[in-house]
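I opened this notebook to record what I looked up in one structure.

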Amino acid sequence: MELKGADSLMKKLQEIAEKMNAGSVSVGFMAGATYPDGTGVPQVAFWNEFGTISSPPRPFFRGMISEESGTWPEKMAKLAKATKYDGEKVLGMMGEDIQGALKESINKFDSPALAESTIKGKGFSKPLIDTGHMINSITYKVEK
């Protein structure tokens, strides 16, 4: 049995592969982001995620990855088709999606509760939110 049209199929698949080979997307707290006092936002996010000697871990990032990462292949496939396999656009749209999911994870995070002294100091009981600087620093970057 001879498979006809395999050459044109292979050519089309090669074209799609080349268009989709756009690079990578990074999502999170980028190097250089700082608080007004100079403290690095990535460092504060790390302390929140993994805890410190004086505060428990609040795994907002790992929790988001655990909840969301299973949906990423299907989302990417749909975006690839919708963008006519424009890899750079797909990565940008995925970056926006994951950025939104990370912000949502911070907004809904509520356990473990803050210490009473922390609540008294900031005036409310929402973990991971103080000035809003950390959540507003979440961004994404597409690299070739």
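**Basis.** I worked from a predicted model, in which local features need pLDDT of at least 70, side-chain atom pairs count only at pLDDT 80 or more, and totals for chains, interfaces and linings use all residues. Residues are numbered from 1 along each chain as its sequence is written, and side-chain values use heavy atoms, with hydrogens and water left out.

**Backbone.** I noted that most residues other than glycine have a negative phi, and most peptide bonds are trans. I found a cis peptide bond between Ser111 and Pro112, with omega about 10°. Pro112 sits in the loop between α5 (87-108) and α6 (116-122); helices here are DSSP runs (H or I, at least four residues), numbered from the N terminus.

I then looked up Tyr85, whose phi is positive, near 65°. Tyr85 belongs to the loop between α4 (72-82) and α5. Its relative accessibility is 30%, so Tyr85 counts as partly exposed (between buried, under 20%, and exposed, over 50%, with a 1.4 Å probe and protein chains only).

Leu128 also has a positive phi, about 70°, and is not a glycine. I located Leu128 in the loop between α6 and α7 (133-136). Leu128 is buried, at 12% relative accessible area.

**Helix packing.** I recorded that α2 (residues 41-50) and α3 (residues 60-68) pack at about 75°, with axes 7 Å apart; the axes are lines fitted to C-alpha atoms over the stretch in contact, and angles run from 0 to 180 degrees between N-to-C directions. The two helices, α2 and α3, are therefore roughly perpendicular (65 to 115 degrees). Contact (heavy atoms within 4.5 Å) involves Ala45, Asn48, Glu49 and Phe50 of α2 with Phe60, Phe61 and Arg62 of α3.

How values were computed:
Angles under 35 degrees count as roughly parallel, over 145 as roughly antiparallel, 65 to 115 as roughly perpendicular and the rest as oblique.
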